[in-house]
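Colleague: I'm new to this one and would like to learn how to read it. Could you walk me through it, a feature at a time?

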Amino acid sequence: MKMKKWLDHIVDEQEKGMTVEEIIRQKMSVSGRMLQRLTRSKGILVNRKAPFLKRQVKAGDLISVRIFDDKREQEALVMLPPAPFEVQLEILHEDEYFIVVNKPTGMTTHPIREDQHDTLLNQLVLYWSKQGKSLMPHTVHRLDRETSGAILIAKSSYAHQLADKLMREGNVDRNYIALVTGRMEQESGTIAEPIKRDPMHKVKRQVHQKGEEAITHYKVLATNDEVSLVDIKLDTGRTHQIRVHFEYVDHPLVGDTLYRGARMGFSNQALHAYQISFNHPVTEELLQIKAPMPQKMQRFVEERFSLPNSML
């Protein structure tokens, strides 16, 4: 899959009279920061020539912006080397702009130390380098180390700003499935409690009225006296949000000992991001990408509940 380096836009009758800058910002979704960088690097062309940004355009004008800069990507990759060993990644979707991976349990999304080279981003650098590509992955969101499932990664800074805008505007739906301890009495509900850092612990978060807004919607798929299987959708994306909220309502996640969850044979929280959905910001195609549940979690569910395969 060859990376597209330039993005073109042909001015139509309704757009004539707008400035080059307005077309680039409004019609091509280029951020102010990227616009400045493109201006300095001669990454903007009108009819194949460098323009004045305040110039008014005519119908039929061809506006081109550089959306992939080889030199800049190479410089960034110095700080993100390929992983020293290969982990076979489950690629759920890949196009010119994005890749969606089913992140395995136990893999950190991105490095948090200079000497850490075994993260998902390092694996992606290795994955692309084996195809002869020098691509810098950009995280759009993250999953905790012990949470598995669908994670969206941008393949350029331009794609990242497009996806980041979708996230900020609430146009990316992320669905999770979790095992929580005990019987959930309500079939569905919303937990809307603010979350902040726990001042007594370097990792934990807690519900606190001075925290940031956090909204979690849930639907119970199956339940018994021991455990419940819950479908979860987030309106916000606070660190440990699902884990904190379900501990708050006295149904901590199975395996999540940090938040009082019973192990039940799990060494990690039984939480999986099973679907991510959004309208592609370039092609406008609706993408609904599903990630199969980890085998251990699926076996646990099958042993305790009778559910149609479509729900697993």
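Modeller: Let's start with a term: contact means heavy atoms within 4.5 Å. Before we use it, note that this is a predicted model, where local features need pLDDT of at least 70, side-chain atom pairs count only at pLDDT 80 or more, and totals for chains, interfaces and linings use all residues. Residues are numbered from 1 along each chain as its sequence is written, and side-chain values use heavy atoms, with hydrogens and water left out.

Colleague: Is E247 buried or exposed?

Modeller: The general idea is a cut-off on relative accessible area: buried means under 20%, exposed over 50%, and partly exposed in between, with a 1.4 Å probe and protein chains only. E247 has 16% relative accessibility, so it counts as buried. Across the chain, buried residues make up 50% of the 312 residues.

Colleague: And what does the whole chain look like?

Modeller: Its secondary structure comes to seven helices and 15 strands. The C-alpha trace spans about 70 × 45 × 45 Å along its principal axes. Of the contacts with a separation of 6 or more, 64% are between residues 24 or more positions apart.

Colleague: How many salt bridges does the structure hold?

Modeller: A salt bridge is a side-chain nitrogen of Lys or Arg within 4 Å of a carboxyl oxygen of Asp or Glu. By that rule the structure holds 20. One of them joins the side chains of K130 and E86, at 2.7 Å from N to O. K130 lies in the loop between α4 (120-129) and β6 (138-139), and E86 in the loop between α3 (70-77) and β4 (91-94), so the pair ties together parts that are 44 residues apart in sequence.

Colleague: How open are those two partners?

Modeller: K130 counts as exposed, at 55% relative accessibility, while E86 counts as partly exposed, at 45%.

Colleague: Can you show me another pair?

Modeller: D225 and R183 form a salt bridge, with their closest N and O atoms 2.9 Å apart. This pair links distant parts of the chain, 42 residues apart: D225 sits in the loop between β12 (215-223) and β13 (227-234), and R183 in the loop between β8 (172-181) and β9 (188-192). D225 is exposed, with a relative accessible area of 63%, and R183 is partly exposed, at 32%.

Colleague: Last one: what does UniProt place at residues 97-247?

Modeller: An unreviewed UniProt entry has "domain: Pseudouridine synthase RsuA/RluA-like" there. UniProt positions are given in the numbering used here, feature names are shortened, and annotations may be inferred rather than shown by experiment. In the model, residues 97-247 are 19% helix and 35% strand, with the end C-alpha atoms 37 Å apart.

Definitions and conventions:
Helices (H or I, at least four residues) and strands (E, at least two) are DSSP runs, numbered from the N terminus.
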